[in-house]
Amino acid sequence: NQMQRENQDYINRYAKKGTGFERKKFIMQSLGYSLNNALSPFLFEEKNRRPVDYEDFVENSPKIKYICQAIKSVRDWHEQRGEEMSGVVVYSNRGKDYFHYIKEYLEKKYGFRKGVKHGRSATDEVEIIHGSLSTTKKESIKESFLLGKCKVVIGTATIKEGVDLQTHGTVLINAYPDWNPTDQKQLEGRIHRQGNRYGYVRIVMPLVQNSMDVFVFQKLEEK
């Protein structure tokens with residue numbers, strides 16, 4: 001969108017600053033800026049843009065909007081067959097402070113429920129896992145997802161190891177591609193492993209055209 005194009009123009013100019021070693025530093029910073037911008041223009045902090053609300057954030061972040069629509073399509077597919085929705089895991093190692101907007105969008109736009117009981121606990125159908133979450137809360141979300149009560153988990157790098165979500169999970173969406181293919185495989189292993197009740201899982205990596213996403217993906221394929 002227009003905000004992303006404006007951000008990228010700024011990033012491209014920034015990458016050309018300095019000379020010698022200093023130029024390399026600016027280039028490396030620009031690579032990170034570009035990945036953030038591809039995820040959402042609001043993640044490029046140099047422009048100091050802030051979303052008005054959840055709708056502003058999602059509607060002006062094409063990749064995020066696509067992810068929300070993909071989640072809805074999973075639910076619609078199951079509902080057409082009279083089935084409970086299978087689980088979706090969304091990974092992004094950037095933008096944790098904006099995850100609540102994605103959760104709110106899914107709840108208010110698509111009707112995902114809050115306060116779903118499982119045993120003595122209750123969780124929402126869309127939950128967020130990040131490093132500062134308590135172990136008790138993290139385990140409660142994990143249990144709810146494995147039971148099929150929580151339908152969507154949005155997580156940071158903390159879900160890449162030791163958080164197995166395979167029982168009901170059929171889709172893993174990698175919103176922020178990592179440079180290391182080993183990290184990618186670890187991430188896929190959250191749902192692509194023994195114990196999954198479904199015969200197939202889908203690993204989705206949305207790429208923004210003419211962005212750093214495509215470059216990172218190509219490098220991952222080469223490795």
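Predicted model: local features only at pLDDT ≥ 70, side-chain atom pairs only at ≥ 80, totals over all residues.
Residues are numbered from 1 along each chain as its sequence is written, and side-chain values use heavy atoms, with hydrogens and water left out.

Helices (H or I, at least four residues) and strands (E, at least two) are DSSP runs numbered from the N terminus. The model contains an open sheet of 5 strands in the order 4-5-1-6-7, with parallel pairing; two strands pair if DSSP finds at least two bridges between them. Strand 4 (126-129) and strand 7 (202-204) form the edges, each pairing on one side only. Neighbouring strands are turned by 20 degrees against each other on average, direction ignored. Within the sheet, strand 1 (residues 87-91) pairs with strand 6 (residues 169-174) in the parallel sense over 5 bridges, and Tyr-91 has Asn-174 of strand 6 as its bridge partner. Helix 5 (residues 99-110) packs on the sheet, where it touches strand 4 and strand 5 (152-155); contact denotes heavy atoms within 4.5 Å. The direction of helix 5 makes about 170 degrees with that of strand 4, axes being lines fitted to C-alpha atoms (for helices, over the stretch in contact) and angles running from 0 to 180 degrees between N-to-C directions.

Helix 5 also meets helix 4 (residues 62-79): their axes come within 11 Å and cross at roughly 50 degrees. The two helices, helix 4 and helix 5, are therefore oblique to each other; angles under 35 degrees count as roughly parallel, over 145 as roughly antiparallel, 65 to 115 as roughly perpendicular and the rest as oblique. Ile-64, Cys-68, Gln-69, Ile-71, Lys-72 and Arg-75 of helix 4 meet Ile-102, Tyr-105, Leu-106 and Tyr-110 of helix 5.

Lys-72 also forms a salt bridge with Asp-76, with the closest N and O atoms 2.8 Å apart; the term denotes a side-chain nitrogen of Lys or Arg within 4 Å of a carboxyl oxygen of Asp or Glu. Because Asp-76 and Lys-72 lie 4 residues apart in helix 4, about one helical turn separates them. The whole structure holds 14 salt bridges.

Helix 1 (residues 2-15) and helix 2 (residues 20-39) pack at an angle of about 170 degrees, with their axes 8 Å apart, and are therefore roughly antiparallel to each other. Residues in this contact include Ile-11 and Tyr-14 of helix 1 and Phe-26 and Tyr-33 of helix 2.
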